[in-house]
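Welcome, and thanks for taking a look at this one with us. Please open the sequence and the model side by side, and we will walk through them topic by topic.

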Amino acid sequence: MSEETGIDDEAMNLASGVAAFEAKEFRRAWQLLQPLADRGQLDAMYRCAIMMQNGLGVIERPKVAAQMMRQAAEQGYGLAQHSLAVMYLYGEAVEQDSLEAIKWFELAGEGGLAGSWTTLGMVFKEGVGIEVDEERARAYYAKAGFDASDFA
């Protein structure tokens with residue numbers, strides 16, 4: 001813990017790493033977040049996985065990125081659940097699997113990410129990797145807080 005601020009070093013490194021990530025200073029973000037990810041900090045794991053998946057400030061390592069994203073998702077981190085679902089939906093760093101994508105989108109939605117419900121609505125409305133199902137699409141849009149008639 002820093003005596004001057006009363007904030008522990010891990011929280012400071014996380015905040016600085018997130019700020020660097022958001023500023024697209026990926027090498028600096030990696031330096032700050034990777035040690036935290038190794039210790040199981042979920043937001044750090046999520047952001048490091050994104051950097052590894054896309055080669056942002058580090059060597060692109062999609063398989064390792066998928067493993068790290070899954071670890072954070074399995075521990076209930078909603079953004080990682082949503083991102084893992086996208087990976088499965090489009091076959092990015094993992095084998096394409098629409099049912100696995102739906103599972104992770106639903107978990108993220110149940111955890112409070114309305115965007116996951118919206119994405120599921122789009123998946124079923126447009127038939128992304130699955131059969132079109134307008135009724136299910138409307139149900140997911142409704143879960144996201146939209147008037148289902150807007151998407152008829």
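In this predicted model, helix 5 and helix 6 pack at an angle of about 160°, and their axes lie 8 Å apart. Angles over 145 degrees count as roughly antiparallel, so helix 5 is roughly antiparallel to helix 6. The crossing of helix 5 past helix 6 is left-handed.

**The contact of helix 5 with helix 6**

- From helix 5, the contact draws on Gly78, Gln81, His82, Leu84, Ala85, Val86, Tyr88 and Leu89.
- Helix 6 answers with Ser98, Glu100, Ala101, Trp104, Phe105, Leu107 and Ala108.
- Sorted by class, the residues in the contact of helix 5 with helix 6 are 10 nonpolar, four polar and one charged.
- The loop between helix 5 and helix 6 holds alanine 93, which has a positive phi of about 70° although it is not a glycine.
- Is alanine 93 buried or exposed? Its relative accessibility is 17%, and the cut-off for buried is under 20%, so alanine 93 counts as buried.

**Helix 2 against helix 3**

- Helix 2 covers residues 26-38 and helix 3 covers residues 42-54; they pack at an angle of about 130°, with 9 Å between their axes.
- Helix 2 makes a left-handed crossing as it passes helix 3.
- Which residues meet here? Helix 2 brings Phe26, Ala29, Trp30, Leu33, Gln34, Leu36 and Ala37, while helix 3 brings Ala44, Met45, Arg47, Cys48, Met51 and Met52.
- By class, the contact of helix 2 with helix 3 has 11 nonpolar residues, one polar and one charged.

**Phenylalanine 26, in helix 2**

- Phenylalanine 26 belongs to helix 2 and counts as buried, with a relative accessibility of 17%.
- How far apart are phenylalanine 26 and methionine 51 in space, C-alpha to C-alpha? The distance is 7.4 Å, although 25 residues separate phenylalanine 26 from methionine 51 in sequence.
- Leaving aside neighbours within four places in sequence, phenylalanine 26 is in contact with Phe21, Met51, Leu56 and Gly57.

**The largest nonpolar core**

- The largest nonpolar core has 45 residues, and the members that touch the most other members are Leu33, Met51 and Met69.
- At least two residues of this core come from each of helix 1 (9-22), helix 2, helix 3, helix 4 (62-74), helix 5 (78-90), helix 6 (98-110), helix 7 (114-126) and helix 8 (134-143).
- Which helix gives the most to this core? Helix 3 does, with eight residues.
- Look next at leucine 33: setting aside its neighbours within four places in sequence, its contacts are Asn13, Leu14, Gly17, Val18, Ala44, Arg47, Cys48 and Met51.

**Aspartate 43, in helix 3**

- Aspartate 43 sits in helix 3, and its relative accessibility of 12% makes it count as buried.
- Apart from neighbours within four places in sequence, aspartate 43 is in contact with Leu14, Val18 and Tyr77.
- Leu14 and Val18 are also among the contacts of leucine 33.

**Lysine 24, in a loop**

- Lysine 24 is found in the loop between helix 1 and helix 2.
- Phi of lysine 24 is near 65°, a positive value in a residue other than glycine.
- Is lysine 24 buried or exposed? Lysine 24 is exposed, at a relative accessible area of 63%.

**The chain as a whole**

- The protein chain has eight helices and zero strands, and along the sequence its pattern reads α-α-α-α-α-α-α-α.
- Taken along the principal axes, the C-alpha atoms of the protein chain fill a box of roughly 55 × 30 × 25 Å.
- Of the 152 residues in the protein chain, 41% are buried.
- Among contacts between residues at least 6 apart in sequence, 36% join residues at least 24 apart.

Conventions:
Residues are numbered from 1 along each chain as its sequence is written. This is a predicted model: local features need pLDDT of at least 70, side-chain atom pairs count only at pLDDT 80 or more; totals for chains, interfaces and linings use all residues. Side-chain values use heavy atoms; hydrogens and water are left out. Axes are lines fitted to C-alpha atoms, for helices over the stretch in contact, and angles run from 0 to 180 degrees between N-to-C directions. Helices (H or I, at least four residues) and strands (E, at least two) are DSSP runs, numbered from the N terminus. A crossing is left-handed if the near helix is turned anticlockwise from the far one by less than a right angle, and right-handed if clockwise. Contact means heavy atoms within 4.5 Å. Ala, Val, Leu, Ile, Met, Phe, Trp, Tyr, Cys and Pro count as nonpolar, Asp, Glu, Lys and Arg as charged, and the others, Gly among them, as polar. A nonpolar core is a set of buried Ala, Val, Leu, Ile, Met, Phe, Trp, Tyr and Cys residues joined through side-chain atoms within 4.5 Å. Buried means under 20% relative accessible area, exposed over 50%, partly exposed in between (1.4 Å probe, protein chains only). Angles under 35 degrees count as roughly parallel, over 145 as roughly antiparallel, 65 to 115 as roughly perpendicular and the rest as oblique.
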